[in-house]
Amino acid sequence: MGEITGGCLCGQVRYRVVKPLKAFHLCHCSRCRKSTGSAHASNIFTAPDGVEWLSGEALVRRFDLPTAERFARCFCSHCGSGVPYLSRNGESMIIPAGSLDGDPGIGPQDNIFWRDRACWYDQCGDAPRFDEYPE
């Protein structure tokens, strides 16, 4: 495994992945859609001690949804970007894939909570693609 680093949008929170990546799930549950503001969360799993904080760890805030057994989210308190967090059962470090700086060397292995996907998600494959803003 080559060095894999990541961080938040403002750059104040930085981390390095120090353990092998185990799984990559695209989660379509309503909680993940609401927390990301997107069609799904893109979460990579590693060992509980799989991330080394390089800077800004004191800026990281955590939200555990009280009505959920598993849902949690950590984010930079300055810019709000999602950053890695320890699962509520302590068994995995969950890394928001979009917070990585480059290729993690692992791709999504599945779509979970598929029946809960956004009603418009299936139309995404047919939408035009642009390398920049459309004209």
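Trainee: What rules apply to the numbering and to the confidence of the model?

Mentor: Residues are numbered from 1 along each chain as its sequence is written, and side-chain values use heavy atoms, with hydrogens and water left out. The model is predicted: local features need pLDDT of at least 70, side-chain atom pairs count only at pLDDT 80 or more, and totals for chains, interfaces and linings use all residues.

Trainee: What share of the contacts in the protein chain with a separation of 6 or more comes from residues 24 or more positions apart?

Mentor: With contact meaning heavy atoms within 4.5 Å, such residues account for 60% of those contacts.

Trainee: Why is strand β3 described as largely enclosed?

Mentor: Buried means under 20% relative accessible area, exposed over 50%, and partly exposed in between (1.4 Å probe, protein chains only). Six of the seven residues of β3, residues 21-27, are buried, so the strand is largely enclosed by the rest of the structure. Over the 135 residues of the protein chain, 35% count as buried.

Trainee: How do you know that β3 pairs with β4 and with β11?

Mentor: Two strands pair if DSSP finds at least two bridges between them. Six bridges join β3 to β4 (residues 41-46), and these strands run antiparallel; Ala23 stands opposite Phe45 in β4. Three bridges join β3 to β11 (residues 110-112), and here the strands run parallel. Cys27 stands opposite Ile112 in β11.

Trainee: In what sense do β1 and β2 pair?

Mentor: They pair in the antiparallel sense over four bridges, with Ile4 opposite Val17 in β2. The hairpin has six residues between its strands, and Gly11 takes a positive phi near 85° there.

Trainee: Which residues of β1 point one way and which the other?

Mentor: Ile4 and Gly6 point one way, Thr5 and Gly7 the other, and all are buried. In a regular strand the side chains alternate between the two faces of the sheet.

Trainee: What makes Arg16 and Glu3 a salt bridge?

Mentor: The term requires a side-chain nitrogen of Lys or Arg within 4 Å of a carboxyl oxygen of Asp or Glu. The closest N and O atoms of Arg16 and Glu3 are 3.1 Å apart, which meets the rule. Arg16 is in strand β2 (residues 14-17) and Glu3 in the segment before β1, 13 residues apart. Glu3, Arg16 and Glu52 are linked in a network of salt bridges.

Trainee: Why is Glu3 called exposed, and why Arg16 partly exposed?

Mentor: Glu3 has 60% relative accessibility and so counts as exposed. Arg16 has 24% and therefore counts as partly exposed.

Trainee: How many salt bridges are there by this rule?

Mentor: The count comes to seven. Among them is Asp101 with Arg14, at 2.6 Å from N to O. Asp101 lies in the loop between β10 and β11 and Arg14 in β2, 87 residues apart. Another is Arg88 with Asp64, whose closest N and O atoms are 3.9 Å apart. Arg88 is in the loop between β9 and β10 and Asp64 in strand β6, so the pair ties together parts 24 residues apart in sequence.

Trainee: How many disulfides does the structure hold?

Mentor: A disulfide is a pair of cysteine sulfur atoms within 2.5 Å, and the structure holds zero. Cys76 is in none: the nearest cysteine sulfur, that of Cys79, is 3.8 Å away. Cys76 has 1% relative accessibility and so counts as buried. Cys124 is also in no disulfide, with the nearest cysteine sulfur, that of Cys119, 10 Å away. At 36% relative accessibility, Cys124 counts as partly exposed.

Key
Helices (H or I, at least four residues) and strands (E, at least two) are DSSP runs, numbered from the N terminus.
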